[in-house]
Amino acid sequence: MIQSLINYFSTIPNLDRTLILWGGLAFFYGLEYLIPLIHIKYKKLKHAGINVFFTVTTILVNFLLAFLILKTSDWVTQHHFGVINWLSIPVGLSIVIGLLLLDFIGAYLIHFVEHQIKWMWKFHIIHHADTNIDTTTATRHHPGESIFRLTFTILAVFIVGAPIWMVFMYQSISVLLSQFNHANINLPPWLDKAISLIFVSPNMHKVHHHFKQPYTDSNYGNIFSIWDRLFGTFKTLAPEKLIYGIDTHMNPKENANLSNLLVIPFQKYRSSKGSKFSDN
């Protein structure tokens with residue numbers, strides 16, 4: 001079975017990768033109508049339109065720079081470089097370690113860094129400014145942020161020594177888990193909690209989208225919840241207490257206007273009360 005997975009992701013058709021992205025989005029989007037966590041009164045299709053725009057820009061950035069990931073993966077494979085190439089372990093264990101480290105560097109670490117560095121945070125605000133979190137929010141990233149994330153993915157591939165099939169496997173799992181943990185779906189509390197012991201669950205990640213600190217600076221993970229638990233960034237908050245958005249951009253003219261969202265990173269930053277960033 002493991003070899004079959006390796007063979008599949010080694011030659012995964014572009015159509016399959018497209019279906020994973022848009023099929024997953026459609027699945028969770030439909031599920032939100034059936035079991036919504038929060039009955040939000042908003043124009044769902046209009047809201048999706050803005051977020052899908054950023055999904056497309058993310059795809060374009062990744063497409064234009066994908067050759068850098070491919071070249072890095074080819075180099076580490078040819079030169080037997082990277083963590084999983086230095087360890088004499090079964091292939092199944094190398095997949096687990098590889099996925100864990102790819103998730104740590106390519107998702108958790110870059111996410112944490114974006115919250116700590118002011119000029120990077122200004123790009124990341126676009127993701128947090130969404131006041132109606134649903135599955136389409138998963139890829140609501142400014143094109144500039146997409147470059148940050150791709151850069152850390154390349155770093156992760158280099159450190160891990162990930163072959164291209166592992167990269168494709170990681171990216172497929174990453175996009176589906178991101179759509180899942182952003183989805184406005186109501187899972188039984190016991191099930192959500194059980195999932196969050198290993199993976200990032202919807203209720204766990206929604207805490208990250210609460211509009212103010214310290215919750216904004218918590219639960220950075222995407223696939224695995226282990227990193228938040230290990231580094232002390234794990235927090236909980238009852239779903240009924242959630243208020244989505246970011247306290248510096250709660251006006252719909254700012255957070256639901258595409259032209260404004262694109263230029264937020266270049267506007268003067270307005271810190272909120274208790275913000276870790278000054279106005280200077």
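Me: Which helices each supply at least two residues of the lining of the largest pocket?
Reply: Helix 2 (14-34), helix 3 (44-78), helix 5 (91-116), helix 7 (143-160) and helix 8 (164-182) each give at least two. Helices here are DSSP runs of H or I, at least four residues, numbered from the N terminus; strands are runs of E, at least two. A pocket is an open set of points on a 1 Å grid over the protein atoms alone, with protein on both sides within 12 Å along at least five of seven lines; lining residues have an atom within 4 Å of a point. This is a predicted model, with local features needing pLDDT of at least 70 and side-chain atom pairs pLDDT 80 or more, while totals for chains, interfaces and linings use all residues. Numbering runs from 1 along each chain as its sequence is written, and side-chain values use heavy atoms, without hydrogens or water.

Me: Which helix gives the largest share of that lining?
Reply: Helix 8, with ten residues.

Me: How much space lies in the largest pocket, and which residues lie nearest its centre?
Reply: The space is about 1300 Å³, where a volume is what is filled by probe spheres set on the points, joined across faces, edges and corners. The lining has 40 residues, and Arg17, Thr58, Asn62, Gln171 and Val175 lie nearest the centre.

Me: How do the lining residues divide into nonpolar, polar and charged?
Reply: The largest pocket has 18 nonpolar, 20 polar and two charged residues in its lining. Ala, Val, Leu, Ile, Met, Phe, Trp, Tyr, Cys and Pro are counted as nonpolar, Asp, Glu, Lys and Arg as charged, and the others, Gly among them, as polar.

Me: And the second largest pocket, how much space is in that?
Reply: About 320 Å³. It is lined by 18 residues, with Asp192, Lys193, Asn203, Thr236 and Leu237 closest to the centre. Helix 9 (189-196) and helix 10 (202-208) each supply at least two lining residues, and helix 9 gives the most, four. By class, this lining has nine nonpolar, five polar and four charged residues.

Me: Change of topic. Which residues have the most contacts inside the largest nonpolar core?
Reply: Leu102, Ala162, Trp165 and Met166, in a core of 44 residues. Helix 1 (2-10), helix 2, helix 5, helix 6 (118-128), helix 7 and helix 8 each supply at least two of the core's residues. A nonpolar core is a set of buried Ala, Val, Leu, Ile, Met, Phe, Trp, Tyr and Cys residues joined through side-chain atoms within 4.5 Å. Buried means under 20% relative accessible area, exposed over 50%, and partly exposed in between, using a 1.4 Å probe and protein chains only.

Me: What does Met166 touch?
Reply: Setting aside residues up to four places away in sequence, Met166 touches Ile84, Ser94, Ile95, Gly98, Leu99, Leu102 and Val160. Contact means heavy atoms within 4.5 Å. Another core lies apart from the largest one; it has eleven residues, including Ile50, Ile125, Leu261 and Phe277.

Me: How many cavities of 30 Å³ or more are there?
Reply: Two. A cavity is a set of grid points where a 1.4 Å probe fits but cannot get out. The second largest cavity holds about 40 Å³ and is lined by Lys122, Ile125, His249, Ile264, Gln267, Lys268, Tyr269 and Arg270.

Me: What is Glu254 in contact with?
Reply: Beyond neighbours within four places in sequence, Glu254 contacts Thr248, His249, Asn260, Leu261, Ile264 and Arg270. Glu254 sits in helix 12 (residues 252-255). Its relative accessible area is 17%, so Glu254 is buried.

Me: Is His115 buried or exposed?
Reply: Buried, because its relative accessibility is 0%. His115 belongs to helix 5, and its side chain makes a polar contact with the side chain of Asp217 at 2.8 Å. A polar contact is a pair of N or O atoms within 3.5 Å; within protein, one must be able to donate a hydrogen and the other to accept it, and residues adjacent in sequence count only if both atoms are side-chain atoms.

Me: Where is the cis peptide bond?
Reply: From Gln213 to Pro214, with omega near 0°. Pro214 lies in the loop between helix 10 and helix 11 (226-230). Asn219 is found in the loop between those helices too, and its phi is positive, near 50°. Most residues other than glycine have a negative phi, and most peptide bonds are trans.

Me: Is Asn219 buried or exposed?
Reply: Asn219 counts as buried, because its relative accessibility is 1%. His80 also has a positive phi, about 50°, and lies in the loop between helix 3 and helix 4 (83-86). At 49% relative accessibility, His80 is partly exposed.
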